[in-house]
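This report describes one protein model for a reader who has not seen it before. The sequence and the structure come first.

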Amino acid sequence: MATPLKRIVPGGDIEFRDSTGSSVCPRVPASFFLSDRKGTFITEGIKRAEVGLLAAHRLIADLVNDEQLVDPDRTMLYLIPVLALRSFEQLFVGRTEEARLVRSRFASSVVRKSRQVLPAIGAFAAALVVLSQGINAPFAGVQEPLQAQWIQDIISHGHWLVARDYYGLINLKPPLYFWLTALLADCAGGHVTEPLSRMVSLIAGALLATEVLLWTKANVGRLAGWFAYGVLLGSYGFASFATVNISDMLMSLLLFSAYCTLYPIIAQTGSANRAALAGVLLGLAMLTKGPVAVLLCTLATVLFLLFRGENPFSAVRRLWPWQLLLAALLTAAPWYLAAAVQYGRGFTSVVVAENLGHALTVASTEGTGPPHTWTFIPLRLIRAALPSVVMLIPLTFAAVLGCIDQGARRPLGFHVAMVIAVLLLFSLAHSVQAYYVLPALPSLAIVISGVFALRSGPAGAKQTTVVRFRDVSLVGTCATMLILILGSWWYCASGRSVNVLKLRPTSDDWLLAHLYVQAVVHLQRQFVVLVISTGVGAVLAIGGLACRRHGCTSSGVAVAAIAAVSFWTGTLRTELYETRTIKSFASAVRQRVRDARVYTATQNYELTYYYGHALPIYRRSPLQDMFGREDLQPGLLKRAGEPPSTAYIILRQNEQLYVGPDERIRLRPVLRAQPGVFRSPLLFLIDGLQKSFR
């Protein structure tokens, strides 16, 4: 048996030798292994770790041959962790000047980083709380339950490439949003509920608000950053879509991140190495919403270069645009190619129609609409950014007088370009959906924050006028909100009717007005919180104006706006959805008909989601899908030769026209939905020869 490896300690040092007496590693001071110092938790812990490592190495040395221990790498398996432990102790426990200096620098770095990270974490948590209002509301409409069916199909049947709805029709939208939501829902039990389906949008919205805060603080100013954060959370258009099961919030986050990553490159203040990262983010945005993300980013970049007086074509001769494009294509192209190969022309035609609309191709999907005036999309954006959008007036006044700080003009112009790009593109595409203006809202919030990016130094007459006009506008906005709320309280409490608004009966606006009256008359807790919060905001704004504390003035407006938006999304919109949804009617139908066959007249995705599966359509084959994708499967249509008296049928308002005259006279209503449910669905028994359902 060969002699095992021994530790030789001549002169206080430690040396490792093999059986022939040759050294297998350099000599190491004994102080690095077993320290005599006591009294600190770190030192004692390190000593125990060293003893354990030494014992383990001795055990291995006794069990194996010398030839296996001659390899220095095996000895270093023991030396490296011991030296790392001792170095850690010397730095954080040692008493030398070098150790003290290292500890001092480390502590100052931790404090400095915590001052940046902790506010960001707090802002993200606050955004989650604010934006989560109304996340438990039921579905009411087509889009959300349809996308919930796609997510459920990914979980239940593993259709990760292209999911299908309950009718067996494919989803031709990019999949990233559905993948993320499916992963969350799968971890939560596998059933797609309303809150789970909206969770990705909520997290993306909170991250986007936090990113707006950090970017604006770094490039415009600290106060401007917090004001942009408050403006975004206090915008109805932003807060309302943070709890909607659509992919636009995630696309807005990825697009904004890619665009801001490009800023140092476009402004020629940073390295072009950022282009690859921006390209990956842009590719993920393409996997969320489609090529529209590239169009928006490109158009905004061209506009910004034009604002600076540069030729956009000169950028083509640089490397970073091609890095950006290549990274985006490599990120998004695999899915597009795989989907196009599997589904062919039907896939590519819908992708083009979804992103370019009537202006460039024949639109055949819900994403586009009829031609409208050039003011349609700008008015949508203004309405979505209320109430803080009124601060564009003092901002314009400051820009005309030249009071905007020179260092803030470039970042503000950078985001003005994105706002204009969104307006131009979706006006060209004749888009009518409200959420198409969502990518412009973060940039618009940063632009509005420019009212706090005025020039520093001695205040002249112009700048003094601009500051006073800005502060008065902030106070006026907050005071106007408080007056409107208190005035509506007095009006409703006096027994006056909202019919003076001349709203169309049973419309969403009419129903919202009546829900607001009920909240005011009965002094619901949410309305009381709204009144108190708006009052606090007004006090902060007026107090800030009197004391010339601009932070208090801006905080007052943010508090009032966030309170109003939270009341709207968390109370009024939730009650509207609870009134409009078909959820309770679907449950009542299931209890009434049990296992009987139930028909509908058209594709009803909200009803089928709450019913749990697709309901056959009481019409003959062939019948095309409502979105123009393909014909419905014959098994989901009225069966040829089947007696119509053996089933029920659910018909909504004006859907009786889909039933033939000879069959319409045999319909007997048996169940009616609650008042307010969208299009007033009824359950009919198809009366005929068989009487088994009577």
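**Basis**

This is a predicted model, in which local features need pLDDT of at least 70 and side-chain atom pairs count only at pLDDT 80 or more, while totals for chains, interfaces and linings use all residues. Residues are numbered from 1 along each chain as its sequence is written, and side-chain values use heavy atoms, with hydrogens and water left out.

**Overall make-up**

The secondary structure of the protein chain consists of 26 helices and 7 strands. Helices (H or I, at least four residues) and strands (E, at least two) are DSSP runs, numbered from the N terminus. Of the 694 residues in the protein chain, 49% are buried. Buried means under 20% relative accessible area, exposed means over 50%, and partly exposed is in between (1.4 Å probe, protein chains only). The accessible surface of the protein chain is about 33,000 Å², and carbon and sulfur atoms account for 63% of that surface. Such areas come from the Shrake-Rupley method with a 1.4 Å probe; for residues, only the protein chains shown count as cover.

A contact means heavy atoms within 4.5 Å. Taking the contacts in the protein chain between residues at least 6 apart in sequence, 72% join residues at least 24 apart.

**Nonpolar cores**

In soluble globular proteins, nonpolar side chains tend to be buried together. A nonpolar core is here a set of buried Ala, Val, Leu, Ile, Met, Phe, Trp, Tyr and Cys residues joined through side-chain atoms within 4.5 Å. The largest one has 161 residues, and L233 and F238 have the most contacts inside it. Helix α11 (residues 248–266) supplies the largest share of this core, with 14 residues. Beyond its neighbours within four places in sequence, F238 is in contact with residues that include L131, G205, M249, A384 and L441. A second, separate core has 20 residues, including Y516, F527, L572 and Y577.

Helix α22 spans residues 525–547, which is 23 residues. From its first C-alpha to its last, α22 reaches 33 Å, close to the 33 Å expected at 1.5 Å a residue; the expected span is 1.5 Å times one less than the number of residues. After α22 comes R548, whose phi is positive, near 60°.

On the surface, L486, W489, L523, V528, I532, V536, L540 and V559 form a nonpolar patch with about 600 Å² of accessible area together. The elements giving two or more residues to this patch are α20 and α22, and α22 gives the most, with 4 residues. Patches are made of residues with over 30% relative accessible area and no salt bridge, with like charges joined within 9 Å and nonpolar side chains (Val, Leu, Ile, Met, Phe, Trp, Tyr) within 5 Å. L523 lies in the loop between α21 and α22. L523 counts as partly exposed because its relative accessibility is 42%.

**Backbone features in loops**

L386 and P387 are joined by a cis peptide bond, with omega about 0°. P387 is in the loop between α16 (376–384) and α17 (392–400).

N654 is not a glycine, yet has a positive phi of about 70°. This residue lies in the loop between β5 (647–651) and α26 (661–664). N654 counts as exposed because its relative accessibility is 60%. S680, also not a glycine, has a positive phi of about 45° and is found in the loop between β6 (667–672) and β7 (682–686).

**Salt bridges**

Side chains of opposite charge can pair when their charged atoms come close. A salt bridge is a side-chain nitrogen of Lys or Arg within 4 Å of a carboxyl oxygen of Asp or Glu. The structure holds 8 salt bridges, and the table lists three of them.

| Salt bridge | N to O distance |
|---|---|
| K583 and E194 | 3.6 Å |
| R470 and D471 | 3.2 Å |
| R652 and E655 | 3.0 Å |

K583 in helix α24 (residues 583–593) and E194 in helix α7 (residues 194–197) are 389 residues apart, and the pair links distant parts of the chain. K583 is partly exposed, at 38% relative accessible area, whereas E194 is buried, at 8% relative accessibility. D471 and R470 are both buried.
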